[in-house]
Amino acid sequence: MSTPLPTYFLSHGGGPWPFMEGAFRRHFDRLESVLAGIPAELAERPRAVLVVTAHWEGESFRVSSHPRPPMVYDYSGFPPHTYQAQYPAPGDPALAAEVVARLQTGGVAAAADSERGFDHGSFSTVLPMYPQADMPLVQLSLQRSLDPTLHLRAGQLLAPLRAQGVLILGSGLSFHNLRAFDARSQEPSRQFDDWLQQALRQSPAARRQALIDWAQAPQARFAHPREDHLLPLMVAAGAAEDDPAQLHYHQQDFMGGLAVSGFRFG
């Protein structure tokens, strides 16, 4: 490619929202508009998308290598039709093998998974971007330790893929306390969101250190009792190398008044 693609940290919303209608779907109107606009932001069409999903963890990093991945309905309590919904994007076994090789060469344990299907951390993010399901899609899991330094390192090892036409997306949510998706979280979510925006605007070295020390941020453990939905950001930021961050998506009124944000690097 003429220039490396940017990387993103994106919200994947709640459950199978792209397959729903009505009041629940309306919570994600702003998010859907932002996701749908990403392809037009890119100077060139990617050859594939690599999604780091908050909904898959392994003892080592796992990479989906199925050529026609099935679906993983990793949610509960939604209408019956959402457990039959399909996003039939192709996989990319060759890209999966390259992701594994780059991580292993850099001393990071990784393995291909030939059975894993698309979870909602992936299909709910990529479907609004590529509704025709014609973009090859590979998933990268988190490593179960949720060590921010390790996930930043994984991103750094994968950074060269950006110049090869691979769009790297971290799919999570900047606030993820499922027991407090209500008015109690308005102020804590704002405090953490303010910190996150400031942290990512720093120099690359300061940004990296802030992400390593994220648990010291205001309201950090209220915003993320378990940091699985924040760790995809570490991979996206690591893959960004020295590229600056910019606020890409923001809502102050998400799901009853929560402050949430997404970011673009480069």
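A nonpolar core is a set of buried Ala, Val, Leu, Ile, Met, Phe, Trp, Tyr and Cys residues joined through side-chain atoms within 4.5 Å, where buried means under 20% relative accessible area, exposed over 50% and partly exposed in between (1.4 Å probe, protein chains only). This is a predicted model, so local features need pLDDT of at least 70 and side-chain atom pairs count only at pLDDT 80 or more, while totals for chains, interfaces and linings use all residues. Residues are numbered from 1 along each chain as its sequence is written, and side-chain values use heavy atoms, leaving out hydrogens and water.

**The core**
- The largest nonpolar core here has 82 residues, and Tyr87, Leu103 and Leu140 have the most contacts inside it.
- Helix H9 gives the most to this core, with 8 residues; helices (H or I, at least four residues) and strands (E, at least two) are DSSP runs, numbered from the N terminus.
- Leaving aside residues up to four places away in sequence, Leu140 touches (heavy atoms within 4.5 Å) residues including Trp56, Phe61, Leu103 and Val235.

**Helix H6**
- H6 covers residues 186–200 and reaches 21 Å from first C-alpha to last, close to the 21 Å expected (1.5 Å times one less than its number of residues).
- Its buried residues, among them Phe192, Trp195 and Leu196, pack against helices H7, H8 and H9 plus strands E7 and E8.

**Aromatic rings**
- There are 12 aromatic pairs (ring centres of Phe, Tyr and Trp, its six-membered ring, within 6.5 Å; planes under 30 degrees apart are stacked, over 60 edge-to-face, the rest tilted).
- Tyr75 and Tyr83 make a tilted pair, 5.2 Å centre to centre with 45° between the planes.
- Tyr75 is buried at 11%, whereas Tyr83 is partly exposed at 27%.
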